[in-house]
Amino acid sequence: MPRSTRPFLTVYVVWHPAFAAGRSIAKGLYDHFRRELYENVAGGTGLSVLYRSEIDPHSGALRNIDLDESETTAIVPLIDAHFVEDAAYMAWVHELADRADQAGLRARVFPVAIDGAFGSTGLMQQAVRWDSWRRVKQADRRRRLVSDLTYQFGRMLRAYLERLRRPHEPEEELDRYLRKVQIFLSHSKHDPDGERIARAIRDALYKGDGLTTFFDVHDIPTGVRFDDVILRQVRVSAVVAIHTDGYSSREWCRREIIEAKRWNVPLVIANCISEGDERGFPYMGNVPIVRLDPRAVDRIDHVVGRLLDEVLKDFLWRCRIELARADAPDDAVFLPRPPELISLAGLEGRADADVTLIYPDPPLGAEERRLFEVIAPKVQLRSLTEWLAGWDGEVMG
């Protein structure tokens, strides 16, 4: 099967040149989605983020967007009064929205309502309501926009992943496979900070615009057997570990982290250390850490934003692997983050066999590879680019 060299997801940001903040907002989106964070799973230099703002003098319209240049396409028009009052811009965005609808699950328009003019656009797509954040600080507005779009892109890729897995089913039939993303809040119930912070994060997720249609939040209820819940719930969830002073001393908390690592689910550590941790748990590394003051608890939006990044990365990785899986040998095991020694526990007795662990770029350093050579000499480590290049020198984009 020939492998595509197209970018997997391209994001187009569109604004009217008279909108003074348009380029600055677009640059913020560019900086976020081009980070190394996404480069590792999307390939190349991160997600492709392209601009559309100026009319082409030859055609009298904005430059066309070819929806076939990428596996999936997200179009983000920043719609203010200038945009709405310009007939050429409105005609362009309506025509593009129609083409995106025809493209099905692989293209979506995500309008951002900058001001009250959006209501007269006639667009049927639900907008991100920038205009409702007037009392929010500018930096927080932009962070919220990034999080909202990350969430929307994740929803799009969740649907597209089902299309890759079930290519012959009608799109309306795929809806029954779109379960919510499970969020597991791992915290120490013997630490008053842990319980309080978990409740605050849960409330923030439930109050977030639209997040309850995407996320379902769980922890282990008091009185329920640990083993009855943890093995079922953690392995199918994205996990937020609330690392308070007493977290690492609790057996159940440690087991939750181990299960999350063994099953390679998205995992974010909320660092809520107040005085200190007597025993830093070694398996809490190799994942994002967000500082959250246990007293102020004023950076929950940062935790939620980082969790959304990890969930979107997970969908990106799963989609890319689904495209490559048909050519994968039987000994290939795909990991969504760089392997560590605990990854061997997930091989279920194959650690002493010929297995290739394939993971997002960049390749591991020599010092980490040497550890694997000592512990599991038959296990091969390959970044996705290394693995693909080993076939015939091509790299999937």
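Let's start with helix α10 (residues 300-324), which is mostly covered: 20 of its 25 residues are buried, meaning under 20% relative accessible area with a 1.4 Å probe and protein chains only. From first C-alpha to last, α10 reaches 36 Å, close to the 36 Å expected at 1.5 Å a residue, where the expected span is 1.5 Å times one less than the number of residues. Helices (H or I, at least four residues) and strands (E, at least two) are DSSP runs numbered from the N terminus.

Please keep in mind that this is a predicted model, in which local features need pLDDT of at least 70, side-chain atom pairs count only at pLDDT 80 or more, and totals for chains, interfaces and linings use all residues. Residues are numbered from 1 along each chain as its sequence is written, and side-chain values use heavy atoms, without hydrogens and water.

Now turn to strand β11 (residues 267-271). Because 4 of its 5 residues are buried, β11 is largely enclosed by the rest of the structure. Strand β10 (residues 237-243) runs parallel to β11, joined by 5 bridges; strands count as paired if DSSP finds at least two bridges between them. Within this pairing, Val240 has Val268 as its bridge partner. With helix α9 (residues 251-262), β10 and β11 make a right-handed β-α-β unit. β11 also pairs in the parallel sense with strand β12 (residues 289-291), over 3 bridges, and here Ala270 stands opposite Val290.

Finally, a word on confidence. The chain averages a pLDDT (the predictor's confidence in each residue, from 0 to 100) of 86, and 89% of the residues score at least 70. Over residues 391-397, however, pLDDT stays under 50. Where pLDDT is low, the predicted coordinates should not be read in detail.

Terms used
Contact means heavy atoms within 4.5 Å. Buried means under 20% relative accessible area, exposed over 50%, partly exposed in between (1.4 Å probe, protein chains only). A crossover is right-handed if, with the strands pointing away from the viewer, the path from the first strand over the helix to the second runs clockwise.
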